[in-house]
Amino acid sequence: MKAVAGILLMTLSLACGRHSQNSVVKSIATSANDQLVTDVIARQNADQELKLSEVLAKKEYYGLSDKEVKIIQEGLTTEELQGYVLSFIDPNQLQGKAAPQWALIPNVSDDASELKEIETVDQLGQSKLIDGSDNPELLTYPLITIAPSEKIEGAIKMQLAEAKAADGGLMINTLQFSDVHEPWIKGAAEIYAVVSFFGKDGKGQTALIEMPSVDNNNQLYDLRQIVHLWPDNKYQIANITFFEHDSEYNYSALTKIFITAAASIVTSVVDPTQTTSIAVAGIVAELASKIVDALPSGALTDDDDYVDTINTIEKAAPGSRTGVSGNAKAQMSYYSVKINDE
């Protein structure tokens with residue numbers, strides 16, 4: 001009897017949860033004014049985000065009443081209220097041709113079944129189900145989504161010291177992915193790279209490089225981005241591993257994860273001139289494997305997705321390379337920054 005009661009209670013709890021989240025979407029979809037949609041698009045075009053907490057703080061400006069704000073606050077956890085952002089999703093370029101509808105995107109992995117049935121709500125409060133992971137060409141209106149932020153908070157752009165830069169860096173000239181591992185309903189991908197190499201002390205090291213402009217499948221990006229300084233490297237080879245950011249890890253947390261994983265490997269090759277290049281390449285490849293295995297993954301959480309790895313990039317001849325899974329294609333070069341004598 002207790003077991004049956006427990007099941008009924010759990011079912012009721014789940015039903016209430018769905019009802020609360022449905023109420024959240026309806027509250028904002030049926031009351032938000034055009035200014036909110038305009039601001040979401042403007043922030044996105046500037047590579048910024050409009051946080052849900054900002055919207056609630058400016059409720060009158062965006063057309064929300066105290067009652068509607070209370071419904072939203074009661075339907076989401078404190079963490080969700082602080083971490084959710086609004087995004088404009090328009091895969092078929094329907095802006096201005098159809099009124100946007102609204103959807104709440106769950107914090108689940110990219111291949112979760114929940115993404116197959118996303119509820120959208122229009123301005124009248126009417127709802128329908130769409131497949132958020134497939135067939136975006138079937139969507140007949142733009143979407144405003146409420147979903148966890150995927151930006152890497154606190155990231156520091158790579159800085160080049162004059163002396164080191166003059167001694168050469170590894171530059172990615174162009175980059176292309178056949179699959180950026182991001183369902184269409186989550187909008188643009190947040191790709192970052194982890195460069196792994198052995199430092200002068202013989203311990204594995206990493207550098208995390210943001211690539212905010214790399215968003216879409218099968219698009220060639222002209223990056224010309226320096227991702228590694230060769231003077232920091234014990235050897236003349238390095239690896240680049242690409243991930244798509246979905247998790248709640250910020251820059252500091254990600255950096256710590258990768259540094260800890262890399263430091264667990266210490267090279268046994270003391271003098272590469274006295275051994276084979278295969279031995280050096282092998283230990284560097286082992287380092288890349290540690291990086292791939294560093295991030296946790298789970299079916300019930302939205303974790304960072306492994307995209308591809310380019311192994312054994314040589315200082316003298318980086319050239320055109322394809323990743324181990326065939327997903328990434330990069331054209332790289334050795335780049336030396338010259339001091340301008342004036």
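What percentage of the 342 residues of the protein count as buried? The figure is 46%, where buried means under 20% relative accessible area, exposed means over 50%, and partly exposed is in between, with a 1.4 Å probe and protein chains only.

Before I go on, some ground rules. This is a predicted model, so to speak of local features we need pLDDT of at least 70, and side-chain atom pairs count only at pLDDT 80 or more, while totals for chains, interfaces and linings use all residues. Residues are numbered from 1 along each chain as its sequence is written, and side-chain values use heavy atoms, with hydrogens and water left out.

Now the overall picture. The secondary structure comes to 8 helices and 14 strands; these are DSSP runs numbered from the N terminus, with helices being H or I of at least four residues and strands being E of at least two. The accessible surface is about 17,400 Å², and carbon and sulfur atoms hold 52% of that. Those areas come from the Shrake-Rupley method with a 1.4 Å probe, and for residues only the protein chains shown count as cover. Taking contacts between residues at least 6 apart in sequence, 74% join residues at least 24 apart; contact means heavy atoms within 4.5 Å.

Next, the salt bridges. The structure holds 4 of them, a salt bridge being a side-chain nitrogen of Lys or Arg within 4 Å of a carboxyl oxygen of Asp or Glu. One of them pairs Glu-54 with Arg-43, with the closest N and O atoms 2.9 Å apart. Glu-54 sits in helix α3 (residues 52–57) and Arg-43 in helix α2, so this pair ties together parts 11 residues apart in sequence. Both ends are partly exposed: Glu-54 at 26% relative accessibility and Arg-43 at 25%.

Lys-59 takes part in a network of salt bridges with Glu-60 and Asp-66. The Glu-60 to Lys-59 bridge is 3.6 Å, N to O, and for Lys-59 with Asp-66 the closest N and O atoms are also 3.6 Å apart. Lys-59 counts as buried because its relative accessibility is 19%. Its two partners count as exposed, Glu-60 at 59% and Asp-66 at 57%.

Asp-39 belongs to helix α2, which covers residues 34–45. Setting aside neighbours within four places in sequence, Asp-39 contacts Leu-50, Tyr-61 and Tyr-62.

Helix α2 comes up again at the largest pocket, where α2, β2 (84–89) and β6 (143–148) each supply at least two lining residues. The space in that pocket is about 1,000 Å³. Its lining has 41 residues, and nearest the centre are Gln-44, Ile-89, Lys-186, Gly-187 and Ala-188. For the method: on a 1 Å grid over the protein atoms alone, a pocket is an open set of points where a 1.4 Å probe fits, with protein on both sides within 12 Å along at least five of seven lines, and lining residues have an atom within 4 Å of a point. Grid points are joined across faces, edges and corners, and the volume is the space filled by probe spheres set on the points.

On to Gly-204, which is in strand β9 (residues 204–210). Gly-204 counts as buried, because its relative accessibility is 6%. Leaving out neighbours within four places in sequence, its contacts are Phe-197, Phe-198, Ala-262, Ala-263, Ile-265 and Leu-287. Gly-204 and Asn-233 are 29 residues apart in sequence, and their C-alpha atoms are 9.8 Å apart in space.

Last, two backbone angles. Most residues other than glycine have a negative phi. Gln-93 is not a glycine, yet has a positive phi of about 50°. Gln-93 lies in the loop between β2 and β3 (101–104) and counts as exposed at 55% relative accessibility. Thr-312 also has a positive phi, near 50°, but lies in strand β12 (residues 305–314). With a relative accessible area of 25%, Thr-312 is partly exposed.
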